[in-house]
Amino acid sequence: MKPSKGIYLFVLPALILYGIFVLYPAFYGLYISFTNWDGLSAGYDHVGLRNYRNLLTNDTIFAKSVANNLKFMLFVVIVQTALSLLFALFLVRNTKGNIALRTLYFLPTILASVSVAFIWAAMYDSNFGVIKAILGLFGVRNGPGWLADPDIAIYSVAFAQVWAHTGQLMIIFIAGLQAIPADLFEVAAIEGASKFQTFRFVTWPLIAPAAAIVIAYTTLQSFKAFELVFAMTRGGPNYATEIIATFIYRLAFQSYKFGYASAASMVFLVFVAVITVIQFKLLRTDRAGE
Amino acid sequence: MFRTVRRWLNLRTISLFIFTVVILVPLLTVVSASLKTMRQYVTEPLKPPSPITFDNYRDLFVDYGLHRYFVNSLVLTFCTVVLVILFSTMVSYAIVRAGGWIGTLLFGLFSAGLMIPAQVNIIPLYGLVVKLESWFASAAWLPDLKFRDSLPGLIVIEVSILLSISVFIITGFMKTIPRELFEAAAMDGSSEWWMYAKLAVPLSLPSIASASIFLCVIVWNDLLYPLLFTGEKAKTLTMALMMFRGEYESNYPILFAGVMTVSLPMVAAYVFLQRWFIAGLTSGSLKG
């Protein structure tokens, strides 16, 4: 029996809100990127591709924010994936102790990014920081300037991200590991496989799909880490931790260059799409090779 | 003796020990520093608070009226989650009932929102909100509509943004309910509303619970949209925290009392609903 036409009324409230505040802005953003609108005044000019040309050819801060974003992404993807897989392997069995540790490691996931940012700002503080105090116990007097040194600041922020989300990804790996039939490990043990061999030839191929999900999620997550960076460093010192998201925010809402910032956000969208596609291809061939 | 030492000093134990310390030290620092005076925090950063002081909390609540922002966050989170769940279960029901290409189209349309990062959305959204407000203000026959620095305005925006993810989670689950169930009920003369309220929603409760928890955490912790759209009146807790940073620089004891206030409701809920939280947050984030 066909549903009655009244069924479409069910979609109406959601569709109106979604259409106005999500779908329409997506196209409107593209339009703004070809103008020099300041976001406040009624008038603006159409400037064609000028915003894009300036952005891609002579904006060193944008180039820097792209580079920082890539550093941040690589650090988070590599360290977070490695740590979450390692601890998933360690905590895969459902013993009381393991479950308690999993619960603890997951806890930072539910904290607000602002909280994580402040917590780590305090850890890294160069005057009264906790890390400084701990290093002091071991006699280290001149530790690195975690957030003050432009060469390492972006990695310090990235580590806060890793701290906050490793537990969450560990849970995904544990779910993947627990789905592997136990007899496969028994066979490996009977055949005399070493721990490493068992991991390489039994565990890894079977959790590769989970790994693909984790890596894809982590990559996108690190592109969207606006709140953490904004609350922790605001992109400083001297743009050392500026990522594309904070660049866009600063230009639009502090410099009121809506047109230019929109162009940056479109470039950002292309970046995200390209990385998603590359990753999808890489991870698929990787799995096909197993 | 040597054997027992070796058994405990393996890679696993050492790694777990180190990681536990790395996770715990910052968390314990927040709790302990929020109960210290600035003076003790500076001179003895690693020692427990002595004497324990609640002055930081008093400053925040009595001098700064943090409870107002707490109430704002509470209202924002509650209304947003209820509305998102209501609207998205309705959409999911329509998708499942309609089926065929219409169902696929609707599902695709709502899922498309998952691919638009917030950073791409915020500029045109802000522009749109400015325009909407001026239209409503200029036309005499329209009521005054405020999106900026108004809780209802912020709720409308948050609801719109979060519909996609919620439709995605709930539709995935509702699809597993056998279609024949609805068809049989329709045959017996049940209305769509009855089937939605008495069959579809109760049978989808696990996914609704997951989605609700996911949405709660997202909205309660959100900074981006409050940052864009709130001033003094509709300020949320996270936003207030952000402002304190500017005012107190590195007065971490006070900042941490703020961090505690933002985190405690979620942590308390997490302690009681661990399994639900872990399931909800993992499913939600993966699909997002």
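Trainee: How many residues of domain 1 of chain B are in contact with domain 2 of chain B?

Mentor: In this predicted model, 8 residues of domain 1 of chain B are in contact with 7 residues of domain 2 of chain B.

Trainee: Which elements give two or more residues to that side of domain 1 of chain B?

Mentor: They are helix H2 (11-34) and helix H3 (38-43) of chain B. H2(B) gives the most, with 4 residues.

Trainee: And how do the residues on that side of domain 1 divide?

Mentor: On the side of domain 1 of chain B that touches domain 2 of chain B, 5 are nonpolar, 2 are polar and 1 is charged.

Trainee: Where are the domain bounds in chain B?

Mentor: Domain 1 covers 1-55 and domain 2 covers 65-287. The centres of these two domains of chain B, taken over C-alpha atoms, are separated by 36 Å.

Trainee: Let us turn to the other chain. How many residues of chain B are in contact with chain A?

Mentor: The contact involves 73 residues of chain B and 68 residues of chain A. On the chain B side, the largest share comes from H2(B), with 11 residues. By class, that side of chain B has 52 nonpolar, 16 polar and 5 charged residues.

Trainee: What is the secondary structure of chain A?

Mentor: Chain A has 12 helices and 0 strands. Its C-alpha trace spans about 75 × 75 × 35 Å along the principal axes.

Trainee: How much of chain A counts as buried?

Mentor: Of its 290 residues, 43% count as buried. As for contacts in chain A with a separation of 6 or more, 71% are accounted for by residues 24 or more positions apart.

Trainee: One more topic, a single residue. Where does Ser207(B) lie?

Mentor: Ser207(B) lies in helix H11 of chain B, residues 205-221.

Trainee: Is Ser207(B) buried or exposed, and why?

Mentor: Ser207(B) is buried because 21 other C-beta atoms lie within 10 Å, and the cut-off for a buried residue is 20 or more.

Trainee: Which residues does Ser207(B) touch?

Mentor: Leaving out residues up to four places away in sequence, Ser207(B) touches Ile169(B), Ile170(B) and Phe173(B).

Trainee: And how far apart are Ser207(B) and Trp193(B)?

Mentor: Ser207(B) and Trp193(B) are 14 residues apart in sequence, and their C-alpha atoms are 20 Å apart in space.

Definitions and conventions:
Residues numbered from 1 in each chain as written. Chains lettered and ligands numbered in written order. Predicted model: local features only at pLDDT ≥ 70, side-chain atom pairs only at ≥ 80, totals over all residues. Domains from an automatic or database assignment. Contact = placed C-beta atoms within 7 Å. Nonpolar A, V, L, I, M, F, W, Y, C, P; charged D, E, K, R; others polar. Buried ≥ 20, exposed ≤ 12 C-beta atoms within 10 Å, placed from the backbone.
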